[in-house]
Amino acid sequence: MRWSLTFAVLLAAPLLGAPTLVGNEPPVASPDQTLAAARADVARASAEEQRLTAEASRAGDEAQRFAGEQRAAAASIEGAEARIAAAEAELVIARAAAAAQHRRLAERQAPIAGLLAGLVTMGRRPPLLALADGSTEEFIRVRALLDATMPVIRARTAALSTEIEAGHRAETSALAARDSLARERTDLDRQRVRFASLEEQALSRKTRFAGQAIGAGDVSLAGGETLTALGDVVARRRAGLANARKLAQLDALPPRPTPDESKLGAPPFAYQLPLDAPLAAGLGSVDANGIRSRGLTFANPNGVPLTVPADGTIVFAGPYRRSDGVIIIDHGGGWLSLIVNAGTALANGSRVRRGDPLGRAVGPVEVELSQRGTNLSPAFIAASSAILSNRAKGG
């Protein structure tokens, strides 16, 4: 039988020619570009984290340092995410490499396994029986074929051992990548917890500083209101002192009420009321406090124009005590007109003529006429007004 030679040739053909193992194998598809990009992101995030951490350590005050720590924490989160992406890409590459290694090992082990099986089968036959079934020449050819095949088997076996070791390394790399991925995810969770803590601290600081700012604002507003009130008091005191100095230069008025009012006659000059408005009090009326009116009080709106009641000189014009405006006109011969709640742009010492514009009302206008401190009866003032006289007659 020539089966042994034919069997040996068939078994050795894949090893000697190796057409199925030496040919071009398709490259293993792996996300190398993704891994390179992820590693670049890791490098950038690490550099940014180091830069922000250094800036935070060099910050001049607590607020800047705290803000720097927040930015560094955010950068560390980005770095952890980039490292996770790189670890995932490495894990994919390692698993793909391990799978491809197993496929190549299976392909390379198949013909060697078949040859070894055939050799084992041949080895179980006694040599004499093999010689009896065939010629010595065939045995020599089988021996020669085996001698030529054994170096290839040894080389392929060594290559398979090397690839088996590479497969083990690929599996170890995949396991290491998996462990690294788990560590990076743990680190990411830790960085997120740290960032959340910083955010909570920032919110607490913001609330505390806002409360302090509101308190400081309240103190500032209160201080401003106090300064404004003090300024108003000082201004009123200065105005009062100035008016007091002006009034001190005038003749003193007798105590009120005076019993000599009826002894005065009509003024020796033309006189008219400074405005045309309804009377609110006057003509000798007595108020709720039992004080008899020494002049006339009008029920006029603010802003109505006022005219000069008689020729004379303005000796005082300005606020006095509770009144926003007081005007005193000297008509000569000791006669004075006092107009309360009246504002004017005329200066003290201005000469005025009856009927000229005097100013405007800043409240219910009160008019008094006196001679050397003795008030004239309001009836004479009323009589000097044709409107009031007609109104009185018609009433």
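Biologist: Which side chain meets Asp-187 in a salt bridge?

Modeller: Asp-187 pairs with Arg-83, with 3.3 Å from N to O. A salt bridge here is a side-chain nitrogen of Lys or Arg within 4 Å of a carboxyl oxygen of Asp or Glu. Asp-187 lies in helix 6 and Arg-83 in helix 4, so the pair ties together parts that are 104 residues apart in sequence.

Biologist: What kind of model is this, and how are residues numbered?

Modeller: This is a predicted model, where local features need pLDDT of at least 70 and side-chain atom pairs count only at pLDDT 80 or more, while totals for chains, interfaces and linings use all residues. Residues are numbered from 1 along each chain as its sequence is written, and side-chain values use heavy atoms, leaving out hydrogens and water.

Biologist: Back to that pair: is Asp-187 buried or exposed?

Modeller: Asp-187 is buried, at 16% relative accessible area. Buried means under 20% relative accessible area, exposed over 50%, and partly exposed in between (1.4 Å probe, protein chains only).

Biologist: And which residue does Glu-81 form a salt bridge with?

Modeller: That one is Arg-192, with the closest N and O atoms 3.3 Å apart. This pair links distant parts of the chain, with Glu-81 in helix 4 (residues 62-123) and Arg-192 in helix 6 (residues 136-248), 111 residues apart. Glu-81 is partly exposed at 37%, and Arg-192 is partly exposed at 42%.

Biologist: How many salt bridges does the structure hold?

Modeller: Seven. One of them joins the side chains of Arg-51 and Glu-55, at 2.5 Å from N to O.

Biologist: How far apart are Arg-51 and Glu-55 in helix 3?

Modeller: Four residues, so about one helical turn separates them in helix 3 (residues 32-57). Arg-51 is partly exposed at 38%, and so is Glu-55 at 32%. Glu-48 also joins in: Glu-48, Arg-51 and Glu-55 are linked in a network of salt bridges.

Biologist: Switching to rings, how many aromatic pairs are there?

Modeller: Two. Rings of Phe, Tyr and Trp (its six-membered ring) pair if their centres lie within 6.5 Å; planes under 30 degrees apart count as stacked, over 60 as edge-to-face and the rest as tilted. Phe-269 and Tyr-271 make a tilted pair, 6.3 Å centre to centre with 55° between the planes. Phe-269 and Trp-335 make an edge-to-face pair, 5.9 Å centre to centre with 85° between the planes.

Biologist: Where do Phe-269 and Trp-335 lie?

Modeller: Phe-269 is in the loop between helix 6 and strand 1 (279-281), and Trp-335 is in strand 6 (residues 335-343), so the pair ties together parts that are 66 residues apart in sequence. Together, Phe-269, Tyr-271 and Trp-335 form one aromatic cluster.

Biologist: How accessible is Phe-269, and is Trp-335 buried or exposed?

Modeller: Phe-269 is partly exposed at 23%, whereas Trp-335 is buried at 5%. Tyr-271 is buried too, at 8%.

Biologist: How many residues does the largest nonpolar core have?

Modeller: It has 24 residues. A nonpolar core is a set of buried Ala, Val, Leu, Ile, Met, Phe, Trp, Tyr and Cys residues joined through side-chain atoms within 4.5 Å. The residues with the most contacts inside this core include Leu-275, Phe-298, Ile-339 and Val-365.

Biologist: Which elements give two or more residues to this core?

Modeller: Strand 2 (296-298), strand 5 (323-332), strand 6 and strand 8 (357-371). Strand 8 gives the most, with five residues.

Biologist: What is Ile-339 in contact with, leaving aside neighbours within four places in sequence?

Modeller: Among its partners are Pro-274, Pro-309, Val-326, Ile-329, Leu-358 and Glu-366. Contact means heavy atoms within 4.5 Å. There is also another core lying apart, of ten residues, among them Ala-87, Ala-174, Ala-177 and Leu-181.

Biologist: Zooming out, how many helices and strands does the protein chain have?

Modeller: Eight helices and nine strands. These are DSSP runs numbered from the N terminus, with helices being H or I of at least four residues and strands being E of at least two.

Biologist: What share of the protein chain is made up of buried residues?

Modeller: Buried residues make up 31% of its 395 residues. Of the contacts with a separation of 6 or more, 73% come from residues 24 or more positions apart.
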